[in-house]
Amino acid sequence: MEVVMSFSVNLTEAFRDLVQIGIALTSERDIAILLERILTEARHFTHAEAGTLFLRENDELQFAVVQNDRLIGRFGEAEMKNRLQAEPVKLSQMSLAGYVAMMGEVINIPDTYTIPPDRPYSFNPLFDVRFDYKTRSALVVPLQGPSGSILGVLELINALDETGCIVPFDMEYEGLARALASQAAVAIRNARLEDLSFKDALTDVYNRRYFMVRIEEEARRHVRFAEPVSLVLLDLDRFKDVNDRFGHRAGDAALKEVARLVQKHSRDFTVVTRYGGDEFAVLLVNTPKAGATAYAERIREVIERHEFGHGRVTVSLGVASLPEDATNGDDLVVAADKAMYKAKELGRNRVAAL
């Protein structure tokens, strides 16, 4: 009786905490951070050793976030993610996650190796064989929004007791996990909508609106913590000639390819923006001027060497930093713009700084 009472109190506290988590989730703008937070909180509440958060894309489930403490210890986080995220899950395969995504039901399985053959879903042990792992208990929950649409699936693996032994997921946690998943679905939907409002439709990098928000945030952070902030402005050389000679379709293709190259050769937290027309702004947080200059030169070389559909493309880049060249975000843009025009005056296809 004491065990039941103790569990009930903990569950009540968990639901109370869930309200605060829901508030935190809906206020998170970065969808990558949001997805990690959702899975981390779900594992915390259910004492799961591992978990996967899938997002639905048409008839597939894409691996959005994977967390597995045991496999991280064996392979390292980067290698584990590379191995797990290589292939999407087809809904037609009716795996555990696929079934939940199709039907919207919660599945709580004490032992995946003893699923009766008459069930409309099954567990594929290939994963366990490939990674020398044992998937025993599983709690699989749909990320279902208020309208009933299922955005993805939350899959929790191997509940652990106080001694670290694998046990079944307690049935009481099904409601908790479903409540968290519902809040997560709303947060994901909101983040996606906001993400779209901050993205350039042609190039899929951030737009000027988002850039202005972020540069002010980083300028304030610089004032508080004295961390360096750098800005690189990039402009395609003689871009008007491309449109005039090859047409706007070729020009659009060049812009998209430049955006892709800049993103590919930037760190995940670098803010790549289409600032306007054929001009891009790249915000480098916690990066001093020397580092930003080296980055700009690397981007210049990548674009110069790349084979574009219509022919050769070069860019001129201007570099400016806080605190050397400005004291606030607006002045930093002005300084980088001056440096970029200096690069053009010096003959284009080069990097310049004030």
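**Colour by confidence**

Average pLDDT for the protein is 86, and 89% of the residues score at least 70; pLDDT is the predictor's confidence in each residue, from 0 to 100. This is a predicted model, in which local features need pLDDT of at least 70 and side-chain atom pairs count only at pLDDT 80 or more, while totals for chains, interfaces and linings use all residues. Residues are numbered from 1 along each chain as its sequence is written, and side-chain values use heavy atoms, with hydrogens and water left out.

Of the 354 residues, 46% count as buried (buried is under 20% relative accessible area, exposed over 50%, partly exposed in between, with a 1.4 Å probe and protein chains only).

Select 208–225 and 329–345. These are H8 and H12, packed at an angle of about 110° with their axes 9 Å apart. The axes are lines fitted to C-alpha atoms, for helices over the stretch in contact, and angles run from 0 to 180 degrees between N-to-C directions. H8 and H12 are therefore roughly perpendicular to each other, a label for angles of 65 to 115 degrees.

Show the side chains where they meet: Phe211, Met212, Ile215, Glu216 and Ala219 from H8, against Gly329, Asp330, Leu332 and Val333 from H12. By class, that contact has six nonpolar, one polar and two charged residues (Ala, Val, Leu, Ile, Met, Phe, Trp, Tyr, Cys and Pro are nonpolar; Asp, Glu, Lys and Arg are charged; the others, Gly among them, are polar).

Next, click Tyr275 in strand E9 (residues 271–276). Tyr275 is buried, at 13% relative accessibility. What does Tyr275 contact, leaving aside neighbours within four places in sequence? Look for Arg208, Phe211, Phe280, Ala281 and Val333. The side chains of Tyr275 and Arg208 are joined by a polar contact of 3.1 Å; such a contact is a pair of N or O atoms within 3.5 Å, where within protein one must be able to donate a hydrogen and the other to accept it, and residues adjacent in sequence count only if both atoms are side-chain atoms.

Hop over to Ser321, in strand E11. Ser321 is buried, at 0% relative accessibility, and its side chain makes a polar contact of 2.7 Å with that of Ser230. Not counting residues up to four places away in sequence, Ser321 also touches residues including Pro288, Lys289 and Leu332.

Most residues other than glycine have a negative phi, and most peptide bonds are trans. Select Leu322 and Pro323: a cis peptide bond joins them, with omega about 15°. Pro323 sits in the loop between E11 and H12.

Last, two loop residues. Ala226, between H8 and strand E8 (229–236), has a positive phi near 60° and is exposed, at 59% relative accessible area. Arg348, between H12 and strand E12 (351–353), has a positive phi of about 70° and is partly exposed, at 28%.

Note on methods: Helix = DSSP H or I, 4+ residues; strand = E, 2+ residues; numbered from the N terminus. Parallel < 35°, antiparallel > 145°, perpendicular 65-115°, else oblique. Contact = heavy atoms within 4.5 Å.
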